[in-house]
Amino acid sequence: MNDVWSMVHAERAALIDDLTHLEVEQWGTPSLCDGWTVHDVAAHLVNNARETRFGFAVGLVRSRFDFHRYNARGVQRERGTSPQETLERLRQVATRRSTAPAPLDSRLVEEIVHGEDIRRPLGLTRSYPQDALVRSLRIQARTSVSFGGAKESVAGIRLAPADVDLSIGDGPDVSGTALSLLLAISGRRVALEELHGPGVAALTTAT
């Protein structure tokens, strides 16, 4: 558990460092999350870091069990009046260990995928630790789509990342980097172009 938190904290620190060097106008860049800017995704990550099991349950009830509404309210609450205010809020929560009622490895998925939601449109790159990518792929592949995962989407295919020693599932292969696979099964369709293998068509249809 401590190892997972250390990886989560490392991802937060790396993203904070990238955000520190942005010009103000770059915060308004559309992210990979439909309808959200870079600034919005950063605010979402602040809200994620502040989540507790009780707070998540209460917030979801108040949002009438609508995850999109719940997330939108979190962004509205944590988005500062300026990028610097939001960045400072992200710094303040960078080492928190609270979480919603979900497997701990899902925190890694949030940090990596949303980190790419920000970095890719800005032309930024990060070399993610292999262990973090492996944990993230495994938890996404066994988590239901209704809970933000990809269990149903990857049914009947085999995920075969070319850069890590990992194989998930049975069926026609889908290959690419572990990061590209993670993004693709997490609904980032831009990453589908980076994959290859006989199972890509099935994954494209499922996502």
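Which residue forms a salt bridge with R91? The partner is E88, and the closest N and O atoms of the two lie 3.4 Å apart. Keep in mind as you look around that this is a predicted model. The structure holds 15 salt bridges, and here is a friendly tour of a few of them.

**Within helix α5**
- R91 and E88 both sit in helix α5 (residues 83-93), and because they are three residues apart there, about one helical turn separates them.
- R91 is partly exposed, with a relative accessible area of 36%.
- E88 also counts as partly exposed, at 36% relative accessibility.

**Between helices α1 and α6: R12 and E111**
- R12 and E111 meet through their side chains in a salt bridge, at 3.2 Å from N to O.
- R12 belongs to helix α1 (residues 2-20) and E111 to helix α6 (residues 105-122), so this pair ties together parts that are 99 residues apart in sequence.
- Both R12 and E111 are buried.

**Between helices α1 and α6: D18 and R119**
- D18 forms a salt bridge with R119, and their closest N and O atoms are 2.7 Å apart.
- Because D18 lies in helix α1 and R119 in helix α6, the pair ties together parts that are 101 residues apart in sequence.
- D18 counts as partly exposed, since its relative accessibility is 21% and buried means under 20%.
- R119 counts as buried, at 1% relative accessibility.

Terms used
Residues numbered from 1 in each chain as written. Predicted model: local features only at pLDDT ≥ 70, side-chain atom pairs only at ≥ 80, totals over all residues. Heavy atoms only, no water. Salt bridge = Lys/Arg side-chain N within 4 Å of Asp/Glu carboxyl O. Helix = DSSP H or I, 4+ residues; strand = E, 2+ residues; numbered from the N terminus. Buried < 20%, exposed > 50% of the residue type's maximum accessible area, 1.4 Å probe, protein only.
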